[in-house]
Amino acid sequence: MVRFRLGTRGSPLALTQAHMVRAALANAQGWSEDAVQIVPIKTTGDRVQDRALAEIGGKALWTKELDRALYDREIDASVHSMKDVETIRPDWLHIAAMLPRADVRDRLIGAETIAELRPGAVIGTSSPRRRAQMLSHRPDLTITLLRGNVDTRLAAVANGDVDATLLAAAGLDRLGREVGQPVPTDQMLPAPAQGAVGIETRADDAAATMLIASIDHAETHACVMAERALLAALQADCHSPVAALASLAGEMLTLRAELLAEDGSSRVSGWVEGGLDEELGARLAVDLLERAAPEVRRLFAGG
Ligand SMILES: NCc1[nH]cc(CCC(=O)O)c1CC(=O)O
């Protein structure tokens with residue numbers, strides 16, 4: 001008997017993550033896994049895998065169709081890579097849980113380290129953050145647009161279309177792709193929410209919200225919400241050259257972040273520490289914007 005319907009994108013990574021959520025939910029509730037039905041839903045982002053994507057830009061590419069299915073009660077919850085979830089979500093949605101965070105780092109595929117890339121190497125990425133960070137370390141690099149799912153991007157390196165690419169360790173690990181070298185977070189601070197899988201419910205569906213809350217990993221949830229609060233204060237999204245990473249020690253949150261110029265020519269970084277109830281994201285955003293060069297500041301906070 002199906003007791004719960006989980007919506008997900010249909011990409012291999014999204015399906016793997018949905019299966020992780022299914023296993024966690026079935027385990028927490030003492031259900032057989034068959035009780036949780038996985039419902040793949042095609043999103044705009046999956047349909048438009050070309051340059052047009054850059055033009056559509058930050059418009060709920062990965063969430064809109066899942067939101068509609070949830071709203072229309074075709075599913076009871078939806079599973080997302082939190083990194084791809086817009087900073088501002090509709091009021092009727094509730095982030096009910098997050099799975100334990102995976103490795104937050106990026107992995108470099110095509111070279112051992114950033115320093116060892118050949119002069120002028122071609123790096124394929126569609127992430128403004130990775131582009132700006134790579135150029136800030138190595139202004140000689142050429143960054144070219146590379147999209148598609150994890151295996152498409154790995155193939156581009158294997159084929160020699162690009163010299164190297166960067167992918168989230170989380171996605172590679174979940175797909176069992178043991179490739180690339182992790183880049184330390186002091187060289188490449190990850191995207192806000194990187195490595196976190198979140199599950200959203202309808203805020204008015206108390207039963208589904210409670211069920212999903214039973215698999216929440218509180219530490220991941222607190223850290224990712226702090227990173228998202230920073231994005232909100234910056235009026236930024238996953239297309240902005242911003243990196244952030246929170247960590248929790250006891251009741252103390254530390255939030256680190258950096259803002260970059262699109263071409264990596266300028267970078268400002270900082271950190272704040274405080275309690276779980278403090279508005280750390282907003283505080284760090286103000287500090288970073290104050291210290292940012294004009295060409296960085298204009299990318300953020302409606303600058
Ligand atoms: N923007 C695409 C995306 N969204 C989530 C992941 C990987 C998994 C994660 O970071 O949680 C990826 C691929 C990547 O950046 O390598």
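This is a predicted model: local features need pLDDT of at least 70, side-chain atom pairs count only at pLDDT 80 or more; totals for chains, interfaces and linings use all residues.
**Confidence**

The protein chain has an average pLDDT of 94. Of its residues, 94% score at least 70. For the complex, the predictor gives an ipTM of 0.96 and a pTM of 0.94.

**The cysteine C238**

An unreviewed UniProt entry marks C238 with the feature "modified residue: S-(dipyrrolylmethanemethyl)cysteine". Where does C238 sit? Its place is in the loop between α9 and β11. Is C238 buried or exposed? It counts as buried, because it has 23 C-beta neighbours inside 10 Å, and the cut-off for buried is 20 or more. Leaving aside neighbours within four places in sequence, C238 is in contact with K83, D84 and A191.

**The annotated domain**

The unreviewed UniProt entry also gives "domain: Porphobilinogen deaminase C-terminal" for residues 222-289. Over residues 222-289, the chain is 34% helix and 38% strand. The end C-alpha atoms of this stretch are 23 Å apart.

**Helix α5**

Helix α5 spans residues 128-137. It is largely enclosed by the rest of the structure, because 7 of its 10 residues are buried. These buried residues are R129, R130, R131, A132, Q133, M134 and L135. What covers them? The cover includes β11 and the strands in this table.

| Strand covering buried residues of α5 | Residues |
|---|---|
| β5 | residues 106-109 |
| β6 | residues 122-124 |
| β7 | residues 142-144 |
| β8 | residues 164-168 |
| β12 | residues 252-260 |

Definitions and conventions:
Residues are numbered from 1 along each chain as its sequence is written. UniProt positions are given in the numbering used here, feature names are shortened, and annotations may be inferred rather than shown by experiment. Helices (H or I, at least four residues) and strands (E, at least two) are DSSP runs, numbered from the N terminus. A residue is buried if 20 or more other C-beta atoms lie within 10 Å of its own, exposed if 12 or fewer, and partly exposed in between; C-beta atoms are placed from the backbone. Two residues are in contact if their C-beta atoms, placed from the backbone, lie within 7 Å. pLDDT is the predictor's confidence in each residue, from 0 to 100.
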